[in-house]
Amino acid sequence: MSVTYLETVIFYCLKQINKDRTVFSVFHLLNGKKSSQTIQDAHLFQLTKLFQTFSSLTRNDFLDRLKAAEKAGLVQQTNEHVYLLTDEGEWVLAKELEEKPFPAYLNGWTYHSLTSVFWERLSLFVQVCSNLIHCQTEYIPVQRKPETQAWLKKTIQQSTASKLELSRQLYGEICRCFEKDSKLSPEIFIIRLSGYQTYGLTSKQAADFFHMEDTHYHIQFLNLLHFMIKKIKEFPDEFPLLNNILVDLSQPASFTLSTSKTYSFLKRGYTIGEIASARNLKLSTIEDHIVEIALIDKMFDITEIVPVEKQKMIMLAAEQSNSKQLKRIRELTNGINYFEIRLVLAKFGDAK
């Protein structure tokens, strides 16, 4: 079986979750589903970099790829909707990642809410500037969303620079941004840009041009967008035009709506049981919300829920087990409940 990069990603996720979740947890993670469970899984199994990396992946396509892998002997079903890599699958995954490792700047969880809008604004900005300096007004815009076009129109109107100066500045900032890491291949990004009398390639066309498998190109392109966003946010003064693309989008990762409501009760001093009663929800649902809060709000103090001594026991057990498997950690802590374990791992697991 010829393995695509998407299948490599799926195999990696299956290895990470190690039968602790169904395959649909992987599907939701790659799609970027904003549910408490998916957000927790991304962090618990250290898969945050892959969150929403394949947002257009359909359920049928996902299952078809899984069935093909099973037929090829790379995965096996161990329970309903639960799959495990076979020895052959482990070998294929190791080989693929050795040849094509995950790119360094890929960070789906951190940048998923910024990536598509950043690309839409930047690609249109480049196209418009290129046509402006050639006094060309008749062309088909590469981005048709009214909100994207309105943003750019406002940006240009507010600029005090001439058309030529604005274009030169944008070009210079893009070049300097990529100079922050000489190991990158900016042509993977540049070939997608449109300008005066030229149109950028589609993702499929670019993949063919570079003789890359489609989903591998997609991940490399995402990596460059995430790299740019990271550097722009680190050095906003160096990239004023590029930073302007992000400035009104720079918002912290948001909670799901239901979790936000639970958090408001917590801040007013309600206990978990009282919140469940007041909201007419299961206790386990409120616990899910609290784990999500601990994952996203790094200032959230869990001490009133899990005493410090228990926190230390859980982290020690997680280190000793070298695993994220809750059952194993529970065994090593003499039966501390699963919610407390999940909460501590959410709060401190990434620091392990």
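These are my notebook entries on what I looked up in this structure.

**Entry 1: the whole protein**

I started by noting that this is a predicted model. I counted 19 helices and two strands in the protein. The C-alpha atoms fill a box of roughly 75 × 55 × 35 Å along the principal axes. Of the 352 residues, 49% are buried. I also looked at contacts between residues at least 6 apart in sequence, and 67% of these join residues at least 24 apart.

**Entry 2: helix 1 and helix 4**

Next I turned to pairs of helices. Two packed helices are described by the angle between their axes and the distance between the axes. Helix 1 (residues 5-17) packs on helix 4 (residues 59-71) at an angle of about 80 degrees, and their axes are 11 Å apart. That angle falls within 65 to 115 degrees, so I call helix 1 roughly perpendicular to helix 4.

Which residues make the contact? From helix 1 I wrote down Leu6, Glu7, Ile10, Phe11 and Leu14, and from helix 4 Phe62, Arg65, Leu66 and Ala69. Seven of the residues in this contact are nonpolar, two are charged and none is polar.

**Entry 3: helix 2 and helix 3**

I then checked helix 2 (residues 23-31) against helix 3 (residues 36-44). Their axes lie 9 Å apart, at an angle of about 90 degrees. Helix 2 is therefore roughly perpendicular to helix 3. Ser25, His28 and Leu29 of helix 2 meet Thr38, Asp41 and Ala42 of helix 3. I sorted the residues of this contact into two nonpolar, three polar and one charged.

**Entry 4: helix 19**

Is helix 19 (residues 338-348) largely enclosed or open? Nine of its eleven residues are buried, so helix 19 is largely enclosed by the rest of the structure. The buried residues include Phe339, Ile341 and Leu343, and also Glu340, Arg342 and Lys347. I looked for what surrounds them: the buried residues of helix 19 pack against helix 3, helix 15 (272-279), helix 16 (283-296), helix 17 (308-321) and helix 18 (326-332).

**Entry 5: aromatic pairs**

My next stop was the aromatic rings. A pair of aromatic rings is described by the distance of the centres and the angle of the planes. I found 16 aromatic pairs in the structure. One of them is Phe178 with Phe227, a stacked pair at 6.0 Å centre to centre, with 20 degrees between the planes. Phe178 lies in helix 9 (residues 163-178) and Phe227 in helix 12 (residues 214-234), so this pair ties together parts that are 49 residues apart in sequence. Both Phe178 and Phe227 are buried.

Why is the pair of Phe189 and Phe221 stacked? Their ring centres are 6.3 Å apart and their planes stand at 20 degrees, which is under 30 degrees, so the pair counts as stacked. Phe189 belongs to helix 10 (residues 187-190) and Phe221 to helix 12, so the pair ties together parts 32 residues apart in sequence. I checked burial too: Phe189 has a relative accessible area of 0% and is buried. Phe221 is also buried, with a relative accessible area of 7%.

**Entry 6: charges over rings**

Last, I looked for charges over ring faces. Arg192 lies over the face of Phe221, 4.3 Å from the ring centre. Arg268 lies over the face of Phe265, at 4.6 Å from the ring centre.

Key
Residues are numbered from 1 along each chain as its sequence is written. This is a predicted model: local features need pLDDT of at least 70, side-chain atom pairs count only at pLDDT 80 or more; totals for chains, interfaces and linings use all residues. Side-chain values use heavy atoms; hydrogens and water are left out. Rings of Phe, Tyr and Trp (its six-membered ring) pair if their centres lie within 6.5 Å; planes under 30 degrees apart count as stacked, over 60 as edge-to-face and the rest as tilted. Helices (H or I, at least four residues) and strands (E, at least two) are DSSP runs, numbered from the N terminus. Buried means under 20% relative accessible area, exposed over 50%, partly exposed in between (1.4 Å probe, protein chains only). A charge sits over a ring if NZ of Lys or CZ of Arg is within 6 Å of the ring centre and within 35 degrees of the ring normal. Axes are lines fitted to C-alpha atoms, for helices over the stretch in contact, and angles run from 0 to 180 degrees between N-to-C directions. Angles under 35 degrees count as roughly parallel, over 145 as roughly antiparallel, 65 to 115 as roughly perpendicular and the rest as oblique. Contact means heavy atoms within 4.5 Å. Ala, Val, Leu, Ile, Met, Phe, Trp, Tyr, Cys and Pro count as nonpolar, Asp, Glu, Lys and Arg as charged, and the others, Gly among them, as polar.
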